[in-house]
Amino acid sequence: SPLRAAMQMVTPVSGASPVGSCDTSCDSAKAAHPRNGWSTDADGFKVSVPQIPPSELRLRTLLGKGGYGSVYRARWEQTEVAIKVLHSSTPSEQWQSLRAEAILLAEFRHPCICTFFGMTEMNGSCAIVMELLSAGSLSQLLEAAPAPRAPSDAALGSVDDRPALGAGLLGRLAWEVASGIAYLHRNNYMHRDVKASNVMLDGLL
């Protein structure tokens, strides 16, 4: 499939945290139906947040690790996914931040916004299950590409064999990022951290 760009991580325009209660066992998100939970947004409305039983998930490899959590490649039934898991020692503010992210992402449906599948529990910690964008970040793509070459470079013998990124591809990626941001703005949200490392890519060049 062609390379596709999708934004990840968003926050409300107002700066308010649209979160309900959150505890380390995720029990506050669970309802009687095992496949759906409820959380409260900033306006006091209940928002349905899908719940994924941990038994349906199989962790595969660690994709990245930060101060508050880790991201794993995993298998959910027949789908490759990414799972963001908070460390058990994470401050409560970060638990609330993860819940806020889940509530927001549950509302969004756009090809240039990373797809949210649901919340789950991993070893007693809250986690969210997301679309796996396996081609890495835009930042990694740009760093791996050669710098633009002047015609004189070839004459001097300084030729980089790595394939250059074409203007058509770069233009399409820019359009897809802009499309995702415009979708957020139409829904009264903003990203607040737009950078190449937060633009994830899927597909092949």
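Biologist: Why is Arg-172 called partly exposed?
Modeller: Arg-172 has a relative accessible area of 31%, and partly exposed is the class between buried, which is under 20%, and exposed, which is over 50%, taken with a 1.4 Å probe and protein chains only, so Arg-172 falls in the middle class. This is a predicted model, in which local features need pLDDT of at least 70 and side-chain atom pairs count only at pLDDT 80 or more, whereas totals for chains, interfaces and linings use all residues. Residues are numbered from 1 along each chain as its sequence is written, and side-chain values use heavy atoms, with hydrogens and water left out.

Biologist: What makes Glu-176 buried or exposed?
Modeller: Its relative accessibility is 10%, and because that value is below the cut-off for burial, Glu-176 counts as buried.

Biologist: How do you know that Arg-172 and Glu-176 form a salt bridge?
Modeller: The term asks for a side-chain nitrogen of Lys or Arg within 4 Å of a carboxyl oxygen of Asp or Glu, and the N to O distance between the side chains of Arg-172 and Glu-176 is 3.3 Å, so the pair qualifies. Both residues lie in helix H4 (residues 167-186), four residues apart, about one turn of the helix; helices here are DSSP runs of H or I with at least four residues, strands are runs of E with at least two, and both are numbered from the N terminus. Elsewhere, salt bridges that share partners join Arg-60, Arg-73, Arg-75 and Glu-80 into one network.

Biologist: Why is Leu-63 called partly exposed, and which residues does it contact?
Modeller: Leu-63, in strand E5 (residues 57-65), has 47% relative accessibility, so it is classed as partly exposed. Contact means heavy atoms within 4.5 Å, and, leaving aside neighbours within four places in sequence, Leu-63 is in contact with Val-71, Tyr-72, Arg-73 and Leu-132. The C-alpha atoms of Leu-63 and Ser-134, 71 residues apart along the chain, are separated by 9.9 Å.

Biologist: What is the make-up of the chain as a whole?
Modeller: The chain has four helices and eleven strands, and of its 205 residues 40% count as buried. Among contacts with a separation of 6 or more, 62% are between residues 24 or more positions apart.

Biologist: How do you know which element has the highest confidence?
Modeller: The predictor's confidence in each residue is its pLDDT, from 0 to 100, and among the elements strand E6 (residues 69-76) has the highest mean, 92, while strand E2 (residues 11-12) has the lowest, 38. Over residues 10-36 the pLDDT is below 50, although this stretch has 77 contacts in the model beyond near neighbours in sequence. Residues 38-45 also stay under 50, with 22 contacts beyond four places in sequence. The chain averages a pLDDT of 74, and 68% of the residues score at least 70.
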